[in-house]
Amino acid sequence: MADLKSLKATKFIPMLADRQKRFDSSAAMLPPGSDQARVLARALHPKRQYLKVANVIDRGQDCKSFELVADETRGTKSLAYFGAGKYLTVFETIDGMSITRAYSISSSPKDSLEGKYVLTIKLVEGGLMSRYILDNWTVGTPVEVSAPSGNFEYQPLRDAKKVICLAGGSGITPFISMANAIADGDEDFEMTLLYGSRNYDNILFKDELDELVKKCDKIKVVHVLSDKIEGKKPKGTEQGFITAKLIKKYAPKDEEYSVFLCGPQQMYAFVDKELETLGLKKKFIRHEMFGEFHNPASQPDYPSDVPETVSITVTIQDETKTVTGSTGDSVMQILEKNGISVPARCRSGECGFCHSHLLAGKVYVPKNLEYRRMADYVFDCIHPCCSFPLTDLKINVPVAK
Ligand code: FES
């Protein structure tokens, strides 16, 4: 193999002129039919999808499902296909501020081919976007979303054939999509879903889950109810929390299995400790970060002596501003609260869309949101969506796409 260090970059310079000559002498447009790969890539990964609300299902408990269809009048003719477990980033302008939030798609991938996505949104306490959507989206409301994104999907080469899915509250949404995909024959794995709710009346998608279990023997559902159950325990329920003991009870005995988790931050804090005792291979534990991370000071490795407020000097689109905010908020939240919009998709450190340059200061990143590469550390790059300021900062943010 050639010694990379002995290669001289200057050797490639003459090639540039030759390449330019070839560009200049070629046709301005590709011949029709020769760019199928690009057409397919654009269909699967559109920058934006322009949709409208076609139906609203009120699920009670401040939770609604919104059926979204393509809005041809604004240029979207069909919906991008997706793998079960993906999310859409919703773009909204609230009080003049551009806001983004990621929501898992709760419908089956097959539905997207038939022209429909479903987003199920539950009110988050103090949540600006969830409150806005629940109050304002009605039939006909125009909606703007990203292409389906995320990595929380079943990968046959990495994941075990049997999967224990752990859901908490509205963290059920990607699993509804996966269960539908299994029942439709679009995914091939066995799902045992342990779904944590407060009580029997709080279970979201109860009827849909019952139907899916009846329809497909690869799907099993156990409802784990945290409130004390009065009288006889309903069939298919457990009382308490999702513990290692409970996972073991429903996991295959002599076979490998994967564990997929989706739920609120408090659930991860509890379940992650339980999972450590099971000694599973790291690759078999998969998390979907459901919503933004809050309260960094609750983390055991959060430093002491952090000031309550800091200032952030940010350069974006050749404009520099200095704003102040609380160290309990992420850099992205502080900027947004000050009317500065930052490019974002997942808002949980995974997609790299908000990738920015830290010019001065220090940030804290919660361990399970640390997706940066080695080069990011070397060149002082951060993800503002999951970086919490520890000191005054100076940052350079890319232009919003
Ligand atoms: S928005 Fe995805 S990494 Fe920040």
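Let's start with a pair of glycines: Gly168 has Gly196 in β8 as its bridge partner. Before I go on, please keep in mind that this is a predicted model.

Gly168 sits in strand β7, which covers residues 162-168. Strand β8, residues 190-197, runs parallel to β7, and 7 bridges join the two. Another place to look along this pair is Ile164, which stands opposite Thr192 in β8. To get from β7 to β8, the chain passes through helix α5, residues 173-183, and this β-α-β crossover is right-handed.

β7 also pairs with strand β11, residues 258-263, in the parallel sense, over 5 bridges. Here you can find Leu166 opposite Leu261 in β11.

Now back to β8. With 7 of its 8 residues buried, β8 is largely enclosed by the rest of the structure too. Together, β8, α6 and β9 make a right-handed β-α-β unit.

Let's stay with α6 for a moment, which spans residues 206-215. Which of its residues are buried? They are Lys206, Leu209 and Leu212. Looking down the axis of α6, you see these buried residues fall within an arc of 125°, so they line one face of the helix. As a reminder, an α-helix has 3.6 residues a turn, so residues three or four places apart point the same way.

Next, some antiparallel pairing. Strand β1, residues 49-58, is joined to strand β2, residues 63-70, by 7 bridges, and the two run antiparallel. Leu51 has Ala70 in β2 as its bridge partner. The hairpin of β1 and β2 has 4 residues between the strands, and in this hairpin Gly60 takes a positive phi near 75°. β1 also pairs with strand β6, residues 142-145, in the antiparallel sense, over 4 bridges. In that pairing, Gln49 stands opposite Val145 in β6.

Further along, there is an open sheet of 5 strands with mixed pairing, in the order β14-β13-β19-β15-β17. Why is one side of β14 and of β17 left without a neighbour in the sheet? Because β14 (319-326) and β17 (381-382) stand at the edges, each with a single partner strand. For β14, we can look at its pairing with strand β13, residues 309-316, which is antiparallel and has 8 bridges. There, Thr315 stands opposite Thr320 in β14.

Last stop, the surface. Leu40, Leu44, Tyr81 and Leu113 make a nonpolar surface patch of about 380 Å². One of these, Leu113, is found in helix α3, residues 109-113. Leu113 has 64% relative accessibility, so it counts as exposed, since the cut-off for exposed is over 50%.

That's my tour, and I'm happy to go back to any part of it.

Notes
Residues numbered from 1 in each chain as written. Predicted model: local features only at pLDDT ≥ 70, side-chain atom pairs only at ≥ 80, totals over all residues. Heavy atoms only, no water. Patch = residues over 30% accessible without salt bridge, like charges linked within 9 Å, V, L, I, M, F, W, Y side chains within 5 Å. Areas by Shrake-Rupley, 256 points an atom, 1.4 Å probe, with all protein chains shown as cover. Salt bridge = Lys/Arg side-chain N within 4 Å of Asp/Glu carboxyl O. Buried < 20%, exposed > 50% of the residue type's maximum accessible area, 1.4 Å probe, protein only. Pairing = 2+ DSSP bridges. Right-handed = clockwise from strand over helix to strand, strands pointing away. Arc of directions from axis to C-beta.
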